[in-house]
Amino acid sequence: MADNRRPVTKLKETVTTSTVHGKYCLWFAWAPEGVPGPEGETVDADYLPLEVDVAGIQAVRVTAVPTDEWWHHPGNKSNAGGLSTTRDLQNDDYRSDTYRSKKIDTLKAKLNLLVGMLGPDPDTPPTSPVSQIEIGLGEDITIDNIADTRLYLGFHDGHEWSNNGGSVNVSIEILKKRD
């Protein structure tokens with residue numbers, strides 16, 4: 001399944017910079033490629049979340065460039081810190097067996113927020129609950145005690161990633177490797 005996906009981001013020795021687009025949807029992390037989304041998306045490189053290989057890593061810090069902008073629709077721009085409006089998942093069809101996403105916990109957070117989650121590689125859907133992580137601009141946010149092989153990064157929205165746009169550049173810093 002993972003053969004036609006966007007290449008996995010490999011972390012360098014200290015800091016790796018990557019781009020997270022407004023269409024990157026965490027609900028599609030383990031979805032089979034080519035499956036139609038519930039609101040006009042298609043599971044492909046346009047919508048798959050950024051996949052970061054964290055095998056052998058104990059802790060990372062993700063920091064977003066504060067001047068980069070993305071949006072839920074063109075009149076709703078913000079940086080990775082999101083808007084003041086909070087939103088939960090508004091279309092439960094994203095949480096389904098079709099997308100192998102039933103184990104992902106929903107998150108009520110700021111619209112347009114940079115979010116992440118830890119889990120297995122895309123070929124192995126999670127067997128236990130997976131929590132989404134509020135990252136935002138990443139100030140003082142450390143993702144620690146990493147036991148999984150992947151960190152997925154995306155855009156927090158409640159539905160319809162197809163009308164999202166813009167992008168945010170992030171730095172992923174290795175704080176500690178696994179012993």
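Which residue in strand 12 is the bridge partner of M117? I looked it up, and the partner is Y152.

Ground rules before going on: this is a predicted model, where local features need pLDDT of at least 70, side-chain atom pairs count only at pLDDT 80 or more, and totals for chains, interfaces and linings use all residues. Numbering runs from 1 along each chain as its sequence is written, and side-chain values use heavy atoms, with hydrogens and water left out.

I traced an open sheet of five strands, order 1-3-12-9-10, with mixed pairing. Strands are DSSP runs of E, at least two residues, numbered from the N terminus, and two of them pair if DSSP finds at least two bridges between them. At the edges I have strand 1 (9-10) and strand 10 (132-134), each pairing on one side only.

Strand 3 entry. Its pairing with strand 1 is parallel, over two bridges, and K10 stands opposite D53. With strand 12 the pairing is antiparallel over four bridges, and there E51 stands opposite Y152.

Strand 12 entry. Strand 9 pairs with strand 12 in the antiparallel sense over six bridges. I then listed contacts (heavy atoms within 4.5 Å) for L151, skipping residues up to four places away in sequence: among them are L50, V52, V62, M117 and I143.
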